[in-house]
Amino acid sequence: MFDQLEIMKMSHGLARHAAARQAAVAQNVANVNTPGYKRVDVPSFAALHAAPTPDTMRATRPGHLGRETAYEPPVPKAVFGGSSGLNGNTVSLEDEIVKAAELRQQHDMALTVYQSALTVMRAALGRG
């Protein structure tokens, strides 16, 4: 019953997405001095869950459109553009550190929403 709540699914998806992006940031930082390395990233959560265009179908419940709606974070892909160093590396350590801080905030927000929803459910059940 409680696994069907949209707020729970969305907060779970946001936490998993933040973790996937954090893994991409960690990969970038690990390869900051690797010659020719291209920075990788995952599209933002908001971009992935933007309102669909009118000609796009959207699954609204498990099994709708013949597929599950559980969130699966995308695989990090190389990001083109930006400046590259003398060795062809496109990673900026400063940018990655800022991104890591933003992702921690996203993850903390997802956990706070999840905990708040659990508190509301406990109160509704009289177990507050």
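Predicted model: local features only at pLDDT ≥ 70, side-chain atom pairs only at ≥ 80, totals over all residues.
Of the 128 residues in this protein chain, 23% count as buried.

Let me begin with the overall arrangement. The chain contains 3 helices and 2 strands, and along the sequence they follow the pattern α-β-α-β-α. As for contacts between residues at least 6 apart in sequence, 74% of them join residues at least 24 apart.

I turn now to helix α1, residues 6-30. This helix has 25 residues, and from its first C-alpha to its last it reaches 36 Å, close to the 36 Å expected at 1.5 Å a residue. Its buried residues are Met-8, Ser-11, Gly-13, Leu-14, Ala-15, His-17, Ala-18, Ala-20, Arg-21, Ala-24, Val-25 and Asn-28. Which elements cover them? Among them are β1, α2 and α3. The α2 helix spans residues 45-48, and β1 spans residues 40-41.

Helix α3 covers residues 93-124. With 32 residues at 1.5 Å a residue, α3 should span 46 Å; its end C-alpha atoms are 47 Å apart, and so the two values agree. Buried in α3 are Glu-96, Lys-99, Leu-103, Ala-110, Ala-117 and Met-121. After α3 comes Gly-126, with a positive phi near 80°.

The crossing in which α1 passes α3 is left-handed. Sorted by class, the residues in this contact are 17 nonpolar, 5 polar and 3 charged.

One residue pair gives a local view of the arrangement. Leu-118 lies in helix α3, while Met-8 is one of the buried residues of α1. The two are 110 residues apart in sequence, yet their C-alpha atoms are 8.8 Å apart in space. Is Leu-118 itself buried or partly exposed? Its relative accessibility is 25%, and therefore Leu-118 counts as partly exposed, the cut-off for buried being under 20%.

Note on methods: Residues numbered from 1 in each chain as written. Heavy atoms only, no water. Helix = DSSP H or I, 4+ residues; strand = E, 2+ residues; numbered from the N terminus. Expected span 1.5 Å × (residues − 1). Buried < 20%, exposed > 50% of the residue type's maximum accessible area, 1.4 Å probe, protein only. Contact = heavy atoms within 4.5 Å. Left-handed = near helix turned anticlockwise from the far one by under 90°. Nonpolar A, V, L, I, M, F, W, Y, C, P; charged D, E, K, R; others polar.
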